[in-house]
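Subject: Handover of a structure and notes on its contents

Dear colleague,

Please find below the structure that I am handing over to you. My notes follow it.

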Amino acid sequence: MESDFILLGRRLLKAYARHDYLTVSQMATDYLATAERFRHHTNYGNAIHQANTLLGLVELQQNHVDRAAEYLLNSARTPGSRQLKAFGPSMLLAQQLLERNQRSAVLRYLDECRSLWMLSFGSLWKWRRQILQGRIPNFGANLSYLTDYKSFG
């Protein structure tokens, strides 16, 4: 049911806010499977991005950095959405990977995000340059999208 699809995304973000990582892992996997039944839904792209980002964050909690980096890249492999096009992707996982010296994965992520975030106004380019200089960019509002469960769905 379409409304269940939307609610699953909201419940997933609430579980993440509670730091219930086991539930997040299970729900995110379910969300990805459910999303495949709603490929033409306007929230499909958000679901792919959100579920993969949260799975990556859970992997980091367990110090599985390589798996987290793979989920980061998977989160950008989405057809996008109105929200991603206008506001851009979450950079929460990217930032945490940069803090673990995973610059290469984050740079590839930023390259993939160019097709998602049409209105980046140079942010992706600026962040890429800062990372190449060995810095961790200030990702601003792009860090808060996953922590505000009301902004999805």
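How many residues does the largest nonpolar core have, and which of them have the most contacts inside it? Before the answer, a word on the source: this is a predicted model, in which local features need pLDDT of at least 70 and side-chain atom pairs count only at pLDDT 80 or more, while totals for chains, interfaces and linings use all residues. Residues are numbered from 1 along each chain as its sequence is written, and side-chain values use heavy atoms, with hydrogens and water left out.

The core

The largest nonpolar core has 46 residues, and those with the most contacts inside it are Met91, Leu97, Val106, Tyr109 and Leu110. A nonpolar core here is a set of buried Ala, Val, Leu, Ile, Met, Phe, Trp, Tyr and Cys residues joined through side-chain atoms within 4.5 Å. Buried means under 20% relative accessible area, exposed over 50%, and partly exposed in between, with a 1.4 Å probe and protein chains only. At least two residues of this core come from each of helix 1 (2-17), helix 2 (21-35), helix 3, helix 4, helix 6, helix 7 and helix 8. Helix 3 supplies the largest share, 9 residues. Helices are DSSP runs (H or I, at least four residues; strands are E, at least two), numbered from the N terminus.

Helix 7

Helix 7 spans residues 103-113, and its buried residues are Ala105, Val106, Leu107, Tyr109, Leu110 and Cys113. They pack against helix 3 (44-61), helix 4 (65-76), helix 6 (92-98) and helix 8 (123-132). Beyond its neighbours within four places in sequence, Val106 is in contact (heavy atoms within 4.5 Å) with Leu72, Ala94, Leu97, Leu98 and Ile131.

Helices 2 and 3

The axes of helix 2 and helix 3 come within 9 Å and cross at roughly 150°. Axes are lines fitted to C-alpha atoms, for helices over the stretch in contact, and angles run from 0 to 180 degrees between N-to-C directions. The angle makes helix 2 roughly antiparallel to helix 3; angles over 145 degrees count as roughly antiparallel, under 35 as roughly parallel, 65 to 115 as roughly perpendicular and the rest as oblique. Among the residues that meet here are Ala28, Tyr31 and Leu32 in helix 2 and Ala51 in helix 3. Ala51 is buried, with a relative accessible area of 0%. Leaving aside neighbours within four places in sequence, Ala51 is in contact with Leu12, Ala28, Tyr31 and Leu32.

Aromatic pairs

The structure holds 5 aromatic pairs. The rings of Trp127 and Phe139 have centres 4.8 Å apart and planes at 80°, so this pair is edge-to-face. Rings of Phe, Tyr and Trp (its six-membered ring) pair if their centres lie within 6.5 Å; planes under 30 degrees apart count as stacked, over 60 as edge-to-face and the rest as tilted. Trp127 lies in helix 8 and Phe139 in the segment after helix 8, so the pair ties together parts that are 12 residues apart in sequence. Trp127 is buried at 3% relative accessibility, and Phe139 is buried at 1%. One aromatic cluster is formed by Phe5, Tyr31 and Phe38.

Two loop residues

His19 is found in the loop between helix 1 and helix 2, and Asn63 lies in the loop between helix 3 and helix 4. Phi of His19 is near 65°, a positive value in a residue other than glycine; Asn63 has a positive phi of about 60° although it is not a glycine. His19 is exposed, with a relative accessible area of 54%, and Asn63 is exposed at 59%.

With kind regards
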